[in-house]
Amino acid sequence: MEENKSVITNEFDRSGRYDAGLKALAKSLRVAFLLLLIGIIATLIYFFSGAGYFSVEPQQAVIVSRFGKIVGVYTTGGHWFLPYPVNQFIRVQTSQQLLEVEFAAAASPNGESGSLEPGKDNYIMTGDANVVHSSWTIAYRVDNPQKYYCKLLTPQFPVENGKVMPDDEFVDADGMTGTRGPVTYLRNLFRRAVITVTSGAVVNDILYAGQSEYSSAVAGEFRRLVAAGDSGIVIDNVALNRIYPPAKTKDAFEEVTAAANKSSAMRNEALAYQKTQENEAVAASRAIVADAEKYRNQVQKQLEARSTYFKRILENQNSGTLTMALYTEMLKEVAAAIQGDDSDKFVLGPQGGTMWMKLNREPKTSSSGQNAQGGK
């Protein structure tokens, strides 16, 4: 029989009392080694297969970083690389995202409006030294994921589990907390654009007449600043949701608005009246022109008829009968124009010609006078 050596005393166990324990221990070690070997093989299989595979989700991009150096940017399909710690896969959202920016007064504990406090209340000054508040919505998207990730101090993994991560928070040397990242960057650039444009405009244009032009100017300045930063971001739209004066001056501005609306209504009425009068004047003018044209045609026709008549007379002027008839007709018309039957009428012929004289008619006598004369 083979002698067993004691594990404890390093001596041979001649009695064999540790034989069963040593066999159990050896069996346990073999099982543990087998399990460890299986785990190592499974880890290697996962490491060289599943862990290094990724697929690009819609409206996302994947940046592959190898030991901190970017080796590729992928926007579609599935890809395989050696997994971490050799490579890291960084997902970036490329779909359109919205950012709300407000220049509003801080809420008062008692609900009453008080004086604005710099550093606490958000407000903007106009070029004519007025204060306004506003609310905006920015729509933007990432068109260059590599620039976006490298330039804007994004979180280490901008997208995790399909969710866009917020900007990182930090504490400076003075103990002040803040954030840094793409959202903070865009918000600060937009505030700069709003302040720049507002400082060069007057409150009446911003609140009333030129609000559309003001909004367009802010959007243009913001796009210019973003393009100058070359951060891989494109601005799709900038919308002005609301712009309004401070609460303490709201009533005064509303009075101005009411007066402006009344003035606009009266102006519109005046323009409508002007248009009506112009239309009536045009219609009357056309009627007068039509009547004048009608009268002109009528006179023209009369003159043409007289012309034809006198041409015929001219052709027959050697006929004494015709001349005498015309002369007699004209004489009747002239004589009839002289008022009174007892008027003396004289007709003088041309110089050196015959003179015709028409004497007054005999006076009428009464019938009684005639009878008296007849009885004599």
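Guide: Asn87 belongs to strand β7, which covers residues 87-93; strands (E, at least two residues) and helices (H or I, at least four) are DSSP runs, numbered from the N terminus. The model is predicted, so local features need pLDDT of at least 70 and side-chain atom pairs count only at pLDDT 80 or more, while totals for chains, interfaces and linings use all residues. Residues are numbered from 1 along each chain as its sequence is written, and side-chain values use heavy atoms, with hydrogens and water left out.

Asn87 has a relative accessibility of 2% and therefore counts as buried (under 20% relative accessible area, with exposed over 50% and partly exposed in between; 1.4 Å probe, protein chains only). Leaving aside residues up to four places away in sequence, Asn87 touches Val64, Ser65, Arg66, Phe81 and Leu82, where contact means heavy atoms within 4.5 Å. With one of these, Arg66, the side chain of Asn87 also makes a polar contact of 2.9 Å. A polar contact is a pair of N or O atoms within 3.5 Å; within protein, one must be able to donate a hydrogen and the other to accept it, and residues adjacent in sequence count only if both atoms are side-chain atoms.

By contrast, Leu37, found in helix α1 (residues 19-47), is partly exposed, at 37% relative accessible area.

Confidence is highest in helix α5 (residues 211-229), with a mean of 95, and lowest in helix α8 (residues 367-375), with 49.

Methods
pLDDT is the predictor's confidence in each residue, from 0 to 100.
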